[in-house]
Amino acid sequence: VSMYTGLWKERFIYGRWVAASGSIYPFFNEDIHVVDTSPLRNQCEYYYLGIDFGTKNPTTGMLIGFTKDKRMIVLKEYFWSPEQQAGREKTTNEFADDMANFLSNNSILNCKIVIDPSASTLILSLKNRFRTANTKTTIIKGDNEILEGIATINNLFEKNQILIDKSCKNHIREIQSYSWAKNEKPKKEFDHTLDAFRYCSNLLF
């Protein structure tokens, strides 16, 4: 029961339908959850790279360290938006190279990549790219459960088990703008880093 609070406890534990409105992550507090994560790097026992794939939409990668006391530390973000790059779209092989370089540039040699389960072409490109890489990298199809995933993330924010590096501007912006639509589903906009993060939180919790 303690896993869920507020709206989510009413829905998932007591079976009462409570309307959702406003911010999806009301427990996010920039003063608490956004930090310089560099001093926390030595506390990370495992590393995960959540990837959300888009062609005309952004492709994102969230590098997350997981600590012994079960905190998710968002260390760095990868963000490629064709809209911000004069409409240029990348191939899945280019994205696979980007992700390999992203991990290398952050000194990650042992990592689980948790990816959008529908991104079959990118999954193949990543498998081919990391087959010859000098890393211990496992590629996992993410669990795309949305509502329970959101509930879990809210719970983690409330318990201060998520910390985000101050350099992750896109992720912070998306958290702050993520809101419910009139049909009580999340608005499908500005959610690309959020999806990448949720694949990892769904795996870990």
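This is a predicted model: local features need pLDDT of at least 70, side-chain atom pairs count only at pLDDT 80 or more; totals for chains, interfaces and linings use all residues.
Among contacts in the protein between residues at least 6 apart in sequence, 68% join residues at least 24 apart.

I begin with the overall composition. The protein has 205 residues, and buried residues make up 49% of them. Its accessible surface comes to about 10400 Å², with 48% of that belonging to carbon and sulfur atoms. The secondary structure amounts to seven helices and seven strands. Read from the N terminus, the elements follow the order α-α-β-β-β-β-α-β-α-β-α-β-α-α.

Let me turn to the sheet. The seven strands form an open sheet, ordered β1-β7-β4-β3-β2-β5-β6, and the pairing is mixed. At the edges stand β1, residues 34–35, and β6, residues 136–141; each has a single partner strand, so one side of each is left without a neighbour in the sheet.

Ile113 in turn stands opposite Ile139 in β6. Strand β5, residues 110–115, also runs parallel to β6, and six bridges join the two. Lys112 is placed opposite Thr138 in β6.

α7 lies across β2, β3, β4, β5, β6 and β7, and it runs at about 135° to β2.

In soluble globular proteins, nonpolar side chains tend to be buried together. Here, the largest nonpolar core holds 28 residues, of which Tyr25, Phe28, Met72, Phe157 and Ile164 touch the most other members. At least two residues of this core come from each of β3 (59–67), β4 (72–80), α5 (147–158), β7 (162–165), α6 (169–177) and α7 (192–204). Which of these gives the most? It is α7, with six residues.

Leaving aside residues up to four places away in sequence, Phe157 touches Tyr25, Phe27, Phe28, His33, Ile162, Ile164 and Ile175. There is also a second, separate core, with 26 residues, including Ile51, Ile73, Ala100 and Ile115.

I close with the cysteines. How many disulfides does a search of the whole structure find? The search finds zero. Cys200 is accordingly in no disulfide, its nearest cysteine sulfur being that of Cys111. Are these two residues buried or exposed? Cys111 counts as buried, at 2% relative accessibility, and Cys200 is buried as well, with a relative accessible area of 0%.

Technical notes. Residues are numbered from 1 along each chain as its sequence is written. Side-chain values use heavy atoms; hydrogens and water are left out. A nonpolar core is a set of buried Ala, Val, Leu, Ile, Met, Phe, Trp, Tyr and Cys residues joined through side-chain atoms within 4.5 Å. Buried means under 20% relative accessible area, exposed over 50%, partly exposed in between (1.4 Å probe, protein chains only). Helices (H or I, at least four residues) and strands (E, at least two) are DSSP runs, numbered from the N terminus. Contact means heavy atoms within 4.5 Å. A disulfide is a pair of cysteine sulfur atoms within 2.5 Å. Two strands pair if DSSP finds at least two bridges between them. Axes are lines fitted to C-alpha atoms, for helices over the stretch in contact, and angles run from 0 to 180 degrees between N-to-C directions. Accessible areas come from the Shrake-Rupley method with a 1.4 Å probe; for residues, only the protein chains shown count as cover.
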